[in-house]
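Student: I have a new structure to look at, and I would like to learn how its features are read. Could you take me through it slowly?

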Amino acid sequence: MKEERSGLLLDEAPGALIVTARSGEILGWSQGAQATFGYPPDEALGRRLDDLIGAPGQFEAEAAPRRVAWDGSLLVHEIVRQRRDGALIYVNMAWRELLDAQGGERRVAISLTDVTHFKLLRDSRLLEARYSELLEPTPDAIVIVNHTGRILLVNEQTEKLFGYGRDELLAAQVEVLLPAGARQGHVGLRREYFKRPRIRPMNNGLELHGLHKDGREFPVEISLCPLNSEVGPLVMTAVRDITERRRAEDKFRSLLESAPDAMVIVDAEGRLVLVNGQTERLFGYRREELLQQPIEILMPERFRGSHPGHRQNYFADPKLRPMGAALELMGRRRDGSEFPVEISLSPLQTEDGNLVSGSIRDITDRRRVERALHDKNIELENANRAKDRFLATMSHELRTPLNAIIGFTGVLLMKLPGPLTAEQEKQLGMVQSSGKHLLSLINDLLDVAKVESGKVEMQLAPLALRPLLEEVADTLRLAAQDKGLALHLELPPTELTVWSDRRALHQILINLLNNGIKYTDRGQVLLRLEAGDAGQARISVLDTGIGIREEDQDKLFNAFAQLATPSGRTRVEGTGLGLYLCSRMAGLLGGSIEFHSRWGEGSRFTLLLPAQPRN
């Protein structure tokens, strides 16, 4: 009867009522205890109370040893306990010895009342009175969290950044501001931080993301600072949205990838922090093999000992150093082979410190030409040297500063150094456009000179056309989209293979397809591959552009031919050398270019290529 009354008392008692032995073993577990802590009786009975609901990482103020008064007096203590789901709650814990008149084992009756809501509300008001005026003017989102992971105070920037109202965040777990995949791991990191609190500044190299109320994730930087207060140990978290900075960094990486030369970014310690695809191709390393490696990995071993001193001197007095600079420089590939290079250096000031951008160009072909010219007779040597000096001057003295102008104008247009006025942005755009046009003219002139001199060597070999055409279409798809054009690729069901030089064929197709896009204002551009007669392959570019007047068609493939522009249409910039070069290189490949055009209806250019080597 007595046991029945005891069970009824446990079931009907308000709040969490627990009975333990003096050893801490749970002997009674009420329905209120189950509701508070989440454990049913069959999981609680027989276990030690501290093992079941004890909170990990208890602080001294909360882990004060409980003293049971065996004289029967009532003791009360506020403490942190842990629910079955891992959440930490504040409880008022009262306990008293149950005296057994029959001399049996002594027991302890413990009553626990969840006071989390009241404690957090009280602590939040205290902190708001003390810190609110200091935190509101702060440009970053500020979140103050206690050791249970509950948010006690936020500023207005936090509401704006995460989309929550202040009342929605107060007393919530701080993990609500994190993506779902990061929450479980963050609980452990948070507890470890409270064990060893320390100031942790922003820019610590971690990839962190915040979660907006609408489910959108965004990159952030976070700094942590421990606080000691009358409500216990706290951590103040400053959160900064770095979406715009990441966008600018992505644009900068895109700029590097579009550079024709190998580009590397080096920090003050001489480590490679960024490389582009040209660097991988030039030196034979995969990107992950180079990042965080010393820059000396790209040099012959005989130069590695002295280079750190030169690097330190450059960082002490950084300045633009163009290519050439009368230095004989060598690069070293992954396989150990060496090759001559030209290097230009440019200092970069970033939030992560001073960096250096290096542009590396393989000049093996130029050196080979120089050696060949040296072996010729005096008369031809003098003539060819004059021509070579002209080409070298065009390459060094014009292309190098133009690349610098285009590159640094792009950096300014990305607004990395700071904001621009509308007029400044307009003028910089004109500088960049003019520079690209002039660079295109110079490159075309150099290509014409090479073709006319017979120095273009075609590396003819079997070449599958399907992957090449897919690459060409992908390269210019964005340019077509920018003009609102549809770019289609039409391929046969079976692969076609030709006997050709991949680099030259790629240049021809890029030129033809780019012309179709430039001279088409609406509609579509189609790149089509089909089998021709006598084992030939036919590659056609069809557009719905302005077409070519009949009186202009005879001079279409002449050097420097510039066709008339229809009235009311903006003149398309060009050198007048593109189709001339395409025709000449097609001939070197053993092929030809045909075209058909009707004024106002569009044009079709078809490249015919042999499938077998010429005899």
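Tutor: Let us begin with a term we shall need for single residues: a residue is called buried when its relative accessible area is under 20%, exposed when that area is over 50%, and partly exposed in between. Please keep in mind throughout that this is a predicted model.

Student: Is D51 buried or exposed by that rule?

Tutor: D51 has a relative accessible area of 52%, and because the cut-off for exposed is over 50%, it counts as exposed. Its side chain meets that of R48 in a salt bridge, at 3.6 Å from N to O, and R48 is partly exposed, with a relative accessible area of 37%.

Student: Which residues are linked with R286 and E288 in a network of salt bridges?

Tutor: The network of salt bridges links R286 and E288 with E289 and R334. Elsewhere in the chain, E601 forms a salt bridge with R598, and their closest N and O atoms are 3.4 Å apart. E601 is exposed, with a relative accessible area of 53%, whereas R598 counts as partly exposed, at 47% relative accessibility.

Student: Now I would like to read a sheet. In what order do the strands of the open sheet lie?

Tutor: A sheet is read by asking which strands pair, and two strands pair if at least two bridges are found between them. In this open sheet of five strands the order is β17-β19-β20-β22-β21, and the pairing is mixed. The edges are taken by β17 (486–490) and β21 (592–598), each of which has a single partner strand, so one side of each is left without a neighbour in the sheet. On average, neighbouring strands of this sheet are turned by 10° against each other, direction ignored.

Student: How many bridges join β20 to the strands β19 and β22?

Tutor: Strand β19 (residues 524–531) is joined to β20 by seven bridges, and the two run antiparallel; in this pair, L529 stands opposite I539. The hairpin of β19 and β20 has five residues between the strands, and there A534 takes a positive phi near 55°. On the other pairing, six bridges join β20 to β22 (residues 602–609), again in antiparallel fashion, with L542 opposite R604. Strand β22 is also joined to β21 by seven bridges, and these two run antiparallel, with S597 standing opposite S603.

Student: Which helices should I look at beside this sheet?

Tutor: Helix α17 (residues 465–482) packs on the sheet and touches β17, β19 and β20, its direction making about 175° with that of β17. Helix α18 (residues 502–518) lies across β17, β19, β20 and β22, and runs at about 170° to β22.

Student: And how many residues of β20 are buried?

Tutor: Five of the seven residues of β20 (residues 537–543) are buried, and the strand is therefore described as mostly covered, buried meaning under 20% relative accessible area. As a general point for your reading, side chains in a regular strand alternate between the two faces of the sheet.

Terms used
Residues numbered from 1 in each chain as written. Predicted model: local features only at pLDDT ≥ 70, side-chain atom pairs only at ≥ 80, totals over all residues. Heavy atoms only, no water. Buried < 20%, exposed > 50% of the residue type's maximum accessible area, 1.4 Å probe, protein only. Helix = DSSP H or I, 4+ residues; strand = E, 2+ residues; numbered from the N terminus. Salt bridge = Lys/Arg side-chain N within 4 Å of Asp/Glu carboxyl O. Axes fitted to C-alpha atoms, helices over the stretch in contact; angles between N-to-C directions. Contact = heavy atoms within 4.5 Å.
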